[in-house]
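Welcome, and please open your viewer. We will go from stop to stop, selecting a few side chains at a time and looking at what is there.

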Amino acid sequence: MKKLILTTALALVGGMAFADAHSVVRLGTEGAYPPYNFINDAGEVDGFERELGDELCARAELTCEWVTNEWDSIIPNLVSGNYDAIMAGMSVTDERKEVIDFSEQYTLPDPSAFLALGDVDLENGVIAAQSSTIQASHVASMTGATLLEFATPDETIAAVKNGEADAVLADKAFLLPIAESDSELSVVGDDVLIGGGIGVGVRQSDTELRDKFSAAILSMKEDGSLNELITKWLPDSATF
């Protein structure tokens, strides 16, 4: 979900991190995008990607730990070696693949949707989106619409509720539970298909780690356990 410019020097420094044979693989996530990832009442990372990531690490025979990072810097901090992989609802795009590499995808492309307080003019309205996301890029390309960017998903919802924005564009799996729990908000307009499926992001130099995650994901696809997790956490999303 990012538009990032990274220096060659930064990439070289980060590329050494996993090569130095960390005994623990650090998984970076945002912790603010339910049901993909969030912080539960116990202060721990939870959600679809937490359960999936733990299973992938078990199958790949990796010792893993979770760390949280703000979305805007999640790719630069991977490249610089702050952690070894990203599991944060990150769609695979050609732009991101210029900076990092991705494992086998663990979800199919998920539609984006608009959430609003009622009927609005989506083509010419003020649309909120989380900064540096594929949704923000899409709104920026819409003729007539005005993009209003925020650092966190929660801020985009708040902007709609306080009238600062007419609607928010985000992953439908993120918006549906919000619409179901808040009678004032509803999904409006047609679904928007942008971006690819979600994969584990790794440094381009970490081919061994990428392949381990890909093999684990493929094994979960083959035995049906990945579809079970998708159905549990993302019930409105397509399965493999």
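Is cysteine 57 buried or exposed? Select cysteine 57 and you will find that it is buried, with a relative accessible area of 3%; buried means under 20% relative accessible area, exposed over 50%, and partly exposed in between, with a 1.4 Å probe and protein chains only.

Before moving on, a word on what is on your screen: this is a predicted model, in which local features need pLDDT of at least 70 and side-chain atom pairs count only at pLDDT 80 or more, while totals for chains, interfaces and linings use all residues. Residues are numbered from 1 along each chain as its sequence is written, and side-chain values use heavy atoms, leaving out hydrogens and water.

**The disulfide**

A disulfide, meaning a pair of cysteine sulfur atoms within 2.5 Å, joins cysteine 57 to cysteine 64, with 2.0 Å from S to S. The count of disulfides comes to 1. Look along the S-S bond: the link of cysteine 57 and cysteine 64 is left-handed, at -95 degrees. Cysteine 64 is partly exposed, at 23% relative accessibility.

**The salt bridges**

Next come the charged pairs. A salt bridge here is a side-chain nitrogen of Lys or Arg within 4 Å of a carboxyl oxygen of Asp or Glu, and the structure holds 14 of them.

Select aspartate 84 and arginine 26, whose closest N and O atoms are 3.1 Å apart in a salt bridge. Aspartate 84 sits in the loop between helix 3 (74–79) and strand 6 (85–86) and arginine 26 in strand 1 (residues 25–29), so the pair ties together parts 58 residues apart in sequence. Helices (H or I, at least four residues) and strands (E, at least two) are DSSP runs, numbered from the N terminus. Aspartate 84 is buried at 0%, and arginine 26 is also buried, at 15%.

Move on to lysine 232 and glutamate 51, a salt bridge with closest N and O atoms 2.9 Å apart. Lysine 232 belongs to helix 9 (residues 225–233) and glutamate 51 to helix 2 (residues 48–59), so this pair ties together parts 181 residues apart in sequence. Lysine 232 is exposed at 53%, whereas glutamate 51 is partly exposed at 30%.

For the last pair, select lysine 172 and aspartate 191, which meet in a salt bridge at 3.1 Å, N to O. Lysine 172 is in helix 7 (residues 172–181) and aspartate 191 in strand 12 (residues 186–192), 19 residues apart.

Finish by selecting Arg26, Asp84, Arg203 and Asp206 together: salt bridges that share partners join them into one network.
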